[in-house]
Amino acid sequence: MTVRFLHTSDWHLGQFFYNHSRQYEHEQFLAWLLLQIQEKQPNALLIAGDIFDVINPASSAQKQLYQFLADAHEIAPHMQTLMIAGNHDSGYRIEQVEPLLEKYHAKSVGVIHKNSEGQIDLDRLLIPIYDPQRHIIAWCLSLPFLRPAEITGFNEQTHNSQNAIAYLHQQLIAEARKRKTADQALILMSHAHMQGGETSDSERPIIVGNEEALSTTLFEDILDYVALGHLHKPQKVAQAHIRYSGSPIPLSFSEIHYKHQIVDVKIDPSKTDESRFEFESIYIPRSIQLHKIKGELSVVFAQLHALPSGEIDNIDHREYVDIEYHTDVPPPPNLRQQFEEALPKDRYRLVRISRQYLSAEKNGDTPSTIHLEPPTPEKLFQQLWEKNGYASDDAVFKDFLNLLQEAEKSLENEPEA
């Protein structure tokens, strides 16, 4: 029996892009995704983490998710929606609404639980996928973002996060072997940074202390497909059946040229060669364009004047512009106003301006760039550390990331205002 599912990830619902809401872009993506579901009627939709952008998402972002689940269930009542928590999500939050999810044939795995004997609760991580007649046609091994505090200390083999991750994969795959039959597929869904994966600047570091990214050797040959989340660029890792679907919209200007997509996957477990896989990348239309303008001021102004014109009434639908101008003299005080006036009227949002000194380029030095957007906590810590004259120290940075994760986890338990 062939199993068909759609692989997507890294929605980041509720994201603000330089203080601008992405709600319209997410609405457009979700409406498009519903059309794909209606047409293809898959057995399952896999969402491989980072459903939300922050651990305490706004009510509007949560409403987007739950309205989507309701709409998807209405047009494909036999389809299951399986979700895991990413490093941006609160695993406890997405598990708290299980009764609601069950109504829409959906299930979420947010954290690793222990059973009554203090061992990993594998039953919660092994989710059956059914055909319309309720026969099991596949098993989804569902691994959310693995925080060290949740997976270490089970036994003598799990004293550090790397060993614990390997042990967890081994135990989960071994249990799946016991349950699967010859006509059932095995799918692993995980939110992780794999070795060889190409990153972008919008992805928050998830490997504590800069430890090495995970190896694909964790994935045994018995697995028919590995549905990954975290890296925003769609890509294969080592083998054709190990894939990141990527994010549905560009989450930074470094992602302008990404071919955002979902992956339509068909697996026929009765076949033993590569013909058992069938993959199709379905490209997602971009609802709002991003423009990266860079060069000396004369070049920048020429490019701004050359941008397409035509007013867009709703400011939330206007296109984004990022300017990086190169100069060897201090900028005039009204430069932003000049940039704004050079842009075609009522079509664009100038969200970032950065300056790069030409003198550094001419002398062969590393270019000095000033960015005007607020830094992430990780970048701010590194800047302050270096500013005080301290040498790079992986152990200190690991301690900082541990504290940051503890702070984020404590926020999960705070009551909403």
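Modeller: Rings of Phe, Tyr and Trp pair if their centres lie within 6.5 Å. This is a predicted model, and by this rule the count comes to twelve aromatic pairs.

Colleague: Why is the pair of Trp11 and Phe68 called edge-to-face?

Modeller: The ring centres of Trp11 and Phe68 are 5.4 Å apart, with the planes at 90°. Over 60 degrees counts as edge-to-face, so the pair of Trp11 and Phe68 is edge-to-face.

Colleague: What makes this a link between distant parts of the chain?

Modeller: Trp11 is in the loop between strand S1 (3-8) and strand S2 (16-17). Phe68 is in helix H2 (residues 59-75). They are 57 residues apart. Both Trp11 and Phe68 are buried.

Colleague: Why is the pair of Tyr225 and Phe279 called tilted?

Modeller: The centres of Tyr225 and Phe279 lie 5.7 Å apart and the planes stand at 45°. Tyr225 sits in strand S10 (residues 225-229) and Phe279 in strand S14 (residues 277-283), 54 residues apart.

Colleague: Is Tyr225 buried or exposed? And what does Phe279 count as?

Modeller: Tyr225 has 0% relative accessibility, under the 20% cut-off, so Tyr225 counts as buried. Phe279 has 24%, between 20% and 50%, so Phe279 counts as partly exposed.

Colleague: Which residues form one aromatic cluster?

Modeller: Phe5, Tyr225, Phe277 and Phe279.

Colleague: How do you know that Arg243 lies over the face of Phe279?

Modeller: Arg243 is at 4.3 Å from the ring centre of Phe279, and the distance cut-off is 6 Å. Arg22 lies over the face of Phe17, at 4.4 Å from the ring centre.

Conventions:
Residues numbered from 1 in each chain as written. Predicted model: local features only at pLDDT ≥ 70, side-chain atom pairs only at ≥ 80, totals over all residues. Heavy atoms only, no water. Phe/Tyr/Trp six-rings, centres within 6.5 Å; stacked < 30°, edge-to-face > 60°. Helix = DSSP H or I, 4+ residues; strand = E, 2+ residues; numbered from the N terminus. Buried < 20%, exposed > 50% of the residue type's maximum accessible area, 1.4 Å probe, protein only. Lys NZ or Arg CZ within 6 Å of the ring centre and 35° of its normal.
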